[in-house]
Amino acid sequence: MVRSQRWKGVAFTVPFQLGFVFLYLIPIGYAVYESLYRAQSSGLGLGGTTDEFSGLANYRQGLTDPAFLGSVFRVLLFAGVQIPVMLLVSLGLALLLDTLASRPAGRFRVLLLVPYMIPGVVAAIVWINLYSPDVGPLTPLGKAFGLTWNFFAPSMVWPSIGNLLTWHGIGYNMVIIYSALQGVPRELFEAARLDGASERRIALSIKIPYVRGALVLTGMLSVIQMLQIFNEPALFRNITPQTVSDSFTPIMVIYNQAFNAGNYHYAAALSVLLALILGVASFLFYRLTAKEAD
């Protein structure tokens, strides 16, 4: 009977296991396989092409490709600014919700989650129209206060994208942090208030230390998402191609190699390299922040 129960438990995991194998392991294995080949032309480039085994040549090219490495460095610099700002705003909102009664907090929580429920592409289109100097309300609003700004200028593209990503992601991160706050023993707050601690001191000395694990989790997920950013810069490129190049982010470089240049083998190698970079960046972020959380 125990053995039968075990097999029933295993049977419940079969759909997930099949999905993991066919949607993750097989595509990853195929990408690695494709990355080991190169398309070689014959007849001075006038004949057909054949795939020939090239070993790690595509990886060596990727590790010296200035467009790919520049895009990775560009996104990492952007992440170093945008992610702390987003987490700080999410933490502040979670702390504010924690001070409210359960019913008002639930209403505000749902309201703040609305931006996250909107698909990323739709959110990007909405904000591009808000930024537009022709149809958007932000440019006339700035002129009313004597301000002139161009959200698509080279110096404003990253802040414009960062504002969009922050608006889209604060609700999700706020819910995770707020859920962690609900696990803090309420007796600690009462004891701190009896000792004369202010709400600010309670937040800094009790609440924030208790949610460091949630901050580490949301930060690591944000790093992974940031290195894979594609939709927002790609849509901005349609508006301002002179500012957002086709190698603006790593995924855009891979997309350009695969679908514009037709170099699928090199694109597969860049995809594997990006996956490795994601793994290393996530590992380093977790190790550094987890030590601080401990």
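Visitor: Is tyrosine 131 buried or exposed?
Guide: Its relative accessible area comes out at 3%. The cut-offs are under 20% for buried, over 50% for exposed and partly exposed in between, using a 1.4 Å probe and protein chains only. With 3% falling under 20%, tyrosine 131 is therefore buried.

Visitor: What kind of model is this, and which atoms do side-chain values use?
Guide: This is a predicted model, where local features need pLDDT of at least 70 and side-chain atom pairs count only at pLDDT 80 or more, while totals for chains, interfaces and linings use all residues.

Visitor: How many aromatic pairs does the structure hold?
Guide: Rings of Phe, Tyr and Trp (its six-membered ring) pair if their centres lie within 6.5 Å; planes under 30 degrees apart are stacked, over 60 edge-to-face and the rest tilted. Counted that way, the number of aromatic pairs is 16.

Visitor: Are the rings of tyrosine 131 and phenylalanine 236 stacked or tilted?
Guide: Their centres are 6.3 Å apart. The planes sit at 55°, so this pair is tilted.

Visitor: Is phenylalanine 236 buried or exposed?
Guide: Phenylalanine 236 has a relative accessible area of 0%. That value makes phenylalanine 236 buried.

Visitor: What is the angle between the ring planes of tyrosine 255 and phenylalanine 259?
Guide: These two are four residues apart in helix α12 (residues 250-260), which means about one helical turn separates them. Tyrosine 255 is partly exposed at 40%, whereas phenylalanine 259 counts as exposed at 55%. Their ring centres are 5.0 Å apart, and the pair is tilted because the planes are at 45°.

Visitor: Which residues of α12 are buried, then?
Guide: After α12 comes glycine 262, with a positive phi near 70°. Within α12 itself, the buried residues include Pro250, Met252, Val253, Ile254, Asn256, Gln257 and Ala258.

Visitor: Are α5 and helix α7 (residues 157-182) oblique or roughly parallel?
Guide: The two axes, lines fitted to C-alpha atoms over the stretch in contact, come within 10 Å and cross at roughly 130°. Such angles run from 0 to 180 degrees between N-to-C directions; under 35 is roughly parallel, over 145 roughly antiparallel, 65 to 115 roughly perpendicular and the rest oblique. So α5 and α7 are oblique.

Visitor: Which residues of α7 make the contact with α5?
Guide: Contact means heavy atoms within 4.5 Å. From α5 come Gly120, Ala123, Ala124, Trp127 and Tyr131. From α7 the partners are Ser160, Asn163, Leu164, Trp167 and His168.

Visitor: At roughly what angle do α7 and α11 cross?
Guide: Their axes come within 11 Å, and α7 is oblique to α11. Ser160, Ile161, Leu164 and Leu165 of α7 meet Glu232, Pro233 and Phe236 of α11. The crossing angle is roughly 135°.

How values were computed: Residues are numbered from 1 along each chain as its sequence is written. Side-chain values use heavy atoms; hydrogens and water are left out.
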